[in-house]
Amino acid sequence: NYPTKMMRSEADACTSPDDEHHYCCVECLTSAPTLYRRYTTHASVKLTRCPGCGLDVDPYVEREAMLIAFDIILHRIAAYRHVLFNRNPFADFCPAASIGGKFALGLSILDAYIKFEALRFRLYSGVDPATSKHGDDGDDGDPFMFVHLLAWSFLEQMALLIGTILAVLPLLGNNFDVTSAKSHIADLPTRGYIISRISLAIMLPSTFKAVTIFVHIWENSPTTRALGSVFVASMQWMGVHCCMERVMKW
């Protein structure tokens, strides 16, 4: 079965000159106008061939989301390229839109909850053998503690995002202008598009923290949280690497 919600036909891919979709081959990063061609019936679909390497532009359009998630966890770079450049709705992701703010808030809540559980773990692991009581009971009852952690997590996330974007912008040069109308080369994307890809590469891997929360049910320890953070950081590095690789290709 073809997941039609994330694929676009040849006619849909270029509906407007302002509709900026820069599809690419997941193997060689050659730009492609479409991912597949649809014929007379919905089932008659043929994947577009890459003019650069001769392979299918994106074979992941035929795969289920769960299989794609497994390949992302395995750090297969083709899966990252598929999600960042070719898969809807991620292909239309804009951090400045309302959905971007909601997404950032949701990720901050996940991170704040993990920090909150870490504080509770430190509190309840320090049992006084003489009294058989935990340390400061008042700390666990602070109603504003989670709010403080939420604000701190949001600031951390914004600092990482803005810092990464500021570090990348000098590498773009003058070819990538602010608007497509001023672009020096017609096929080049705008800076806004590149920033949206980098933002997605930073924010999307943070959803893996939800897995860390589920693991806490069986093993609530600093090691579990550290491994989860390292894994998220590695996926973020892979995503940013894909974005910069694409920029260098342009």
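1. Helix α3 (residues 77–86) is mostly covered, with nine of its 10 residues buried, where buried means under 20% relative accessible area, exposed over 50% and partly exposed in between, for a 1.4 Å probe and protein chains only. The buried residues of α3 include Arg-81, His-82 and Phe-85, and what covers them includes β1 (23–24), α2, α7 and α9. Helices (H or I, at least four residues) and strands (E, at least two) are DSSP runs, numbered from the N terminus.

2. On provenance, this is a predicted model, in which local features need pLDDT of at least 70 and side-chain atom pairs count only at pLDDT 80 or more, while totals for chains, interfaces and linings use all residues. Residues are numbered from 1 along each chain as its sequence is written, and side-chain values use heavy atoms, with hydrogens and water left out.

3. The structure holds seven salt bridges, a salt bridge being a side-chain nitrogen of Lys or Arg within 4 Å of a carboxyl oxygen of Asp or Glu. One of them joins Arg-81 to Glu-245, with the closest N and O atoms 2.7 Å apart. This pair links distant parts of the chain, as Arg-81 is in helix α3 and Glu-245 in helix α9, 164 residues apart. Arg-81 counts as buried at 6% relative accessibility, whereas Glu-245 is partly exposed at 26%.

4. Asp-71 deserves a separate entry: the side chain of Asp-71 meets that of Arg-63 in a salt bridge (3.6 Å, N to O), and Arg-76 also forms a salt bridge with Asp-71, the closest N and O atoms being 2.8 Å apart. Asp-71 is buried at 8% relative accessibility, while Arg-63 is partly exposed at 34% and Arg-76 is partly exposed at 44%.

5. A network of salt bridges links Asp-111, Lys-115, Glu-156 and Lys-209. Asp-111 has its place in helix α4 (residues 98–125) and, at 11% relative accessibility, counts as buried. Leaving aside residues up to four places away in sequence, Asp-111 touches Ser-153, Glu-156 and Lys-209, contact meaning heavy atoms within 4.5 Å.

6. A search of the whole structure finds two aromatic pairs; rings of Phe, Tyr and Trp (its six-membered ring) pair if their centres lie within 6.5 Å, and planes under 30 degrees apart count as stacked, over 60 as edge-to-face and the rest as tilted. The rings of Phe-116 and Phe-146 have centres 6.1 Å apart and planes at 85°, so this pair is edge-to-face. Phe-116 lies in helix α4 and Phe-146 in helix α6 (residues 145–172), so the pair ties together parts that are 30 residues apart in sequence. Phe-116 is buried at 17% relative accessibility, and Phe-146 is partly exposed at 27%.

7. For Phe-208 and Phe-231, the ring centres are 4.7 Å apart and the planes are at 35°, so the pair is tilted. Phe-208 is in the loop between α7 (191–203) and α8 (209–215), and Phe-231 is in helix α9 (residues 222–249), 23 residues apart. Phe-231 counts as partly exposed, at 23% relative accessibility.

8. Arg-63 lies over the face of Tyr-60, at 4.5 Å from the ring centre, and the charged end of Arg-246 sits over the ring of Phe-85, 4.9 Å from its centre.

Technical notes: A charge sits over a ring if NZ of Lys or CZ of Arg is within 6 Å of the ring centre and within 35 degrees of the ring normal.
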